[in-house]
Amino acid sequence: MSDKIYLTGDRPTGRLHIGHYVGSLKRRVEIQESEDYKKLFIFIADAQALTDNIDNPEKVRQNVIEVALDYLSVGLNPEKSTLFIQSQIPELTELSFYFMDLVTVSRLQRNPTVKTEIHMRGFDASIPVGFFTYPISQAADITAFKATHVPVGEDQKPMLEQTVEIVRRFNYIYGNTLVEPKIVLPQNNACLRLPGTDGKAKMSKSLGNCIYLSEEPKELKQKVMSMYTDPLHIHVEDPGHLEGNSVFTYLDAFCRPEHFAEFWPDYASLDEVKEHYQKGGLGDMKVKKFLNNILQAELEPIRNRRAAFEKDIPAVYEMLRKGTEEARNVAAQTLSEVKRAMKINYFDDAELIAEQSKRFQNP
Ligand code: ATP
Ligand code: MG
């Protein structure tokens with residue numbers, strides 16, 4: 001049996017989008033179906049979402065169920081994966097507190113993802129401490145479950161590096177206790193960091209440039225048709241550019257050879273389409289239509305599955321409650337090992353009590 005333990009999470013700051021799908025969700029389902037794993041933990045990072053939404057708890061609360069429905073709709077199966085809610089596991093907060101002593105402020109300030117996100121959210125001088133330290137809390141999430149593999153998008157690379165540093169420092173000081181995780185990035189380059197429909201570097205719930213997994217066909221089409229392409233490609237006959245052209249990046253992420261026979265028999269491959277576009281003479285509208293057909297076909301079964309799960313919301317909460325209970329047991333076990341290693345286990349250590357009695361009885 002495989003000894004791989006997988007863990008990943010998503011912030012409940014909105015419904016999940018196609019960037020999450022290609023960047024992480026699809027891989028999770030593949031892992032789940034491969035059965036080459038010991039455990040697959042998937043969690044809704046509500047505590048982390050609050051770090052930059054502290055004045056909007058209702059947003060986080062509403063999106064917990066949305067994300068859970070998205071998980072089920074892409075095929076994550078609670079019989080095979082453990083789905084849980086972060087805030088309901090206080091052991092994670094406790095672990096973060098101890099990890100904070102292993103990281104310097106300047107190390108956190110150097111984290112490129114945190115830097116970009118601070119700027120994106122307009123925090124500048126008013127960064128909440130909790131947001132600033134979220135890489136530490138992520139290290140707690142990963143290590144609490146002794147995760148060996150973490151399938152995420154490229155933006156999470158600095159978090160994994162930070163986690164590995166914490167694990168090494170902890171094990172060096174307190175003895176071998178924690179497990180070093182490995183990042184698992186998407187194999188396809190276009191999926192590492194899917195851009196927004198507006199051409200911005202990253203599709204992100206917080207930027208409002210998303211195509212959601214649960215998008216209705218009409219909205220999906222509208223979003224695709226108004227996508228950012230190449231500002232220099234004004235007339236059909238102008239040569240087009242692929243660099244920074246979101247429509248082509250999405251095609252790189254979603255297009256498969258069989259799509260041509262089905263939706264665009266004029267071309268045999270994506271390379272042919274690209275060549276024609278670059279030469280000039282191929283209009284954006286035609287390419288967008290093709291992309292729309294592909295996305296409609298990909299998202300339809302997801303939307304239908306979601307509709308079925310939406311019919312029984314209490315069952316979804318019950319599934320999360322069970323998953324959370326199971327996950328909490330695992331985290332509690334790790335925390336007790338951590339506390340023993342850190343010498344802060346006073347009441348379950350008979351040896352300690354005997355030693356201290358001896359010390360005071362025979363000074
Ligand atoms: P927020 O704007 O609230 O941070 P987000 O859209 O960045 O939301 P997260 O919940 O932070 O989503 O990320 C969940 C997972 O999805 C992470 O593994 C992240 O790397 C991956 N991911 C997020 N956006 C993209 C994207 N555009 N392309 C590829 N992977 C992505
Ligand atoms: Mg994010």
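## The nonpolar cores

The largest nonpolar core in this predicted model has 58 residues, and I18, Y71, I211, L213 and L251 are the ones that touch the most other members. By nonpolar core we mean a set of buried Ala, Val, Leu, Ile, Met, Phe, Trp, Tyr and Cys residues joined through side-chain atoms within 4.5 Å. Buried is under 20% relative accessible area, exposed is over 50%, and partly exposed is in between (1.4 Å probe, protein chains only). Helix α3, residues 57-74, gives the most to this core, with eight residues. Helices (H or I, at least four residues) and strands (E, at least two) are DSSP runs, numbered from the N terminus. The core also draws at least three residues from each of domain 1 (5-193 + 312-354) and domain 2 (217-309).

Have a look at Y71 in particular. Leaving out residues up to four places away in sequence, Y71 touches G9, D10, L16, L25, R28, I42, F43, I44, L76 and L83, where a contact is heavy atoms within 4.5 Å. There's a second, separate core too, with 35 residues, including A45, A139, V152 and L160.

## Around ligand 1

Ligand 1 has 22 residues around it, and T13, D155, K202, S204 and S206 come nearest. A residue gets into that set if one of its heavy atoms lies within 4 Å of the ligand.

From the D155 side chain, an N or O atom sits 2.5 Å from an oxygen atom of ligand 1. For H17, a polar side-chain atom is 3.0 Å from a ligand oxygen atom. M203 uses its backbone instead: an N or O atom there lies 3.0 Å from a nitrogen atom of the ligand. On its own, ligand 1 exposes 600 Å², and the protein buries 97% of that. Accessible areas come from the Shrake-Rupley method with a 1.4 Å probe; for residues, only the protein chains shown count as cover.

Most residues other than glycine have a negative phi. E35 sits in the loop between α1 (18-34) and β2 (39-44), and it counts as exposed because its relative accessibility is 54%.

K343 also has a positive phi, near 65°. Its place is in the loop between α15 (313-341) and α16 (350-361). With a relative accessible area of 65%, K343 is exposed.

## Domains and the whole chain

The chain is assigned domain 1 (5-193 + 312-354) and domain 2 (217-309), with bounds that come from an automatic or database domain assignment. Taken over C-alpha atoms, the domain centres are 34 Å apart.

Overall, the chain has 16 helices and five strands, and its C-alpha trace spans about 95 × 45 × 40 Å along its principal axes. Of its 363 residues, 52% count as buried. The chain exposes about 18,100 Å², with carbon and sulfur atoms supplying 53% of it.

## How to read the numbers

Residues are numbered from 1 along each chain as its sequence is written, while chains are lettered from A and ligands numbered from 1 in the order in which they are written. As this is a predicted model, local features need pLDDT of at least 70 and side-chain atom pairs count only at pLDDT 80 or more, though totals for chains, interfaces and linings use all residues; side-chain values use heavy atoms, with hydrogens and water left out.

Key
A polar contact is a pair of N or O atoms within 3.5 Å; within protein, one must be able to donate a hydrogen and the other to accept it, and residues adjacent in sequence count only if both atoms are side-chain atoms.
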